[in-house]
Structure formats: C-alpha cells, structure tokens
Amino acid sequence: MTETQLFHASSVALRVPSGSWVGAAFWGPSGSGKSDLALRLLHELGPERCRLVADDYVTLACSGERVTVSAPAALAGRIEVRGVGLVDAPARDGVELVAVFRLGTGKAIPRMPEPDSVKLASLGDGLPAVSVRVFDLNAFEASASAKVSAAVQLICARADQSQGLA
C-alpha cells in the first residue's frame, strides 16, 4: 500500500554515477534557503546532473521502506526565483528520496557528524515512519550545493558497496 502526503519543502533529483536519479529534499522555515539552494544546484550542475523535483511543496509517497518525492501537478517544472518570479526549470518526478537537509542559519552544525538516519515522522507531523539520512545545513553558505552533492554521492556509494555493486 502506498501512502502519500504533501509537505512544505523543496527537492531536486541528482544523477549518481550508476546513472540513476535520486532525490534530496530541503526542509526549513520560509526564508531558510530551500528555493535558493535548489536553484544553485540546478545552475551549477546543469540538467545532465540535476533536475528540479518540486519547489515549495513536495509530495512524498511511502511504499514499504521506500519513499519517493514528486511535484504537485500545479508546481511541476517551476521554481520561484526571489526577486525575479516563477521560472521554468528542467524537472524530474518520482525519484527515491535518499537525503533530507534541515536548513537553518543559526544552528551549530557539527564538522564531522555521525552517520545518522532519522525516521521522517520525527521531522514533522504526518511524515511516514521510514528512515532517511538527514543532515543539518546552512543553505546560504557558498559551499552548500557542493555539500548536498557530496552527501548524496556518499550515500549512494555506500548503498552500492553494501549491495556488492561497487
């Protein structure tokens, strides 16, 4: 059985070395940099390596231990560029969510965090009780987009190694 839920977040799909696409979601209050970070990733990596899933609201679908992230139909393929307006962006829908980035500027972010998965349900009401890697991040740091890319690549490389694919 698949359970779906709408959440205030932004998400991008990143192409990993295996050629598959996986999702990263950005959680945080208004003004925390969700759209800004997604825009930087889209611009820096280009459509061959990064596509928009959804901006401002995402739909999560949970089936067993797998969570996929998609765009609500009204938001598909569009991102808000603050000070410019809504613009079209290369998009990809229905990718497996592998990482959640909790955004905030005032948080003490550990230099070397312990690898940690968290149940999505602990991040907000209505989220499923499925474990996904979570990272704390200041979206406005110059290196934030590189950190997202590095974290996703690391997660996927470790998953490949544990499945004997490396």
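Which residues of the largest nonpolar core touch the most other members? I began my notebook with that one.

**Ground rules.** I am working with a predicted model, where local features need pLDDT of at least 70 and side-chain atom pairs count only at pLDDT 80 or more, while totals for chains, interfaces and linings use all residues. Residues are numbered from 1 along each chain as its sequence is written, and side-chain values use heavy atoms, with hydrogens and water left out.

**Entry 1, the core.** I took a nonpolar core to be a set of buried Ala, Val, Leu, Ile, Met, Phe, Trp, Tyr and Cys residues joined through side-chain atoms within 4.5 Å. Buried means under 20% relative accessible area, exposed over 50%, and partly exposed in between (1.4 Å probe, protein chains only). The largest core has 29 residues, and V12, F26, L37, L41, F101, V148 and V152 touch the most other members. Two or more residues come from each of β2, β3, α1 (34-45), β4 (50-54), β7 (78-81), β9, β11 and α2 (144-162). I noted that α2 gives the most, with 6 residues. Helices (H or I, at least four residues) and strands (E, at least two) are DSSP runs, numbered from the N terminus.

I listed its contacts (heavy atoms within 4.5 Å). Leaving out residues up to four places away in sequence, L37 touches F26, L103, L137, A139, A144, S145 and V148. Another core, of 20 residues, lies apart from the largest one and has W21, A25, V67 and A71 among its members.

Next I followed strand β9 (residues 95-103), where 7 of 9 residues are buried. I counted two strands as paired if DSSP finds at least two bridges between them. β3 runs parallel to β9, joined by 6 bridges, and W27 stands opposite R102. β11 (residues 131-137) is also parallel to β9, over 5 bridges, with L103 partnered by L137. β6 (residues 66-70) pairs with β9 in the antiparallel sense over 2 bridges; there, T68 has E96 as its bridge partner.

Last, I visited G19, in the loop between β2 (10-15) and β3 (21-27). G19 is partly exposed, because its relative accessible area is 35%. G19 and R49 sit 30 residues apart in sequence and 9.4 Å apart in space, C-alpha to C-alpha.
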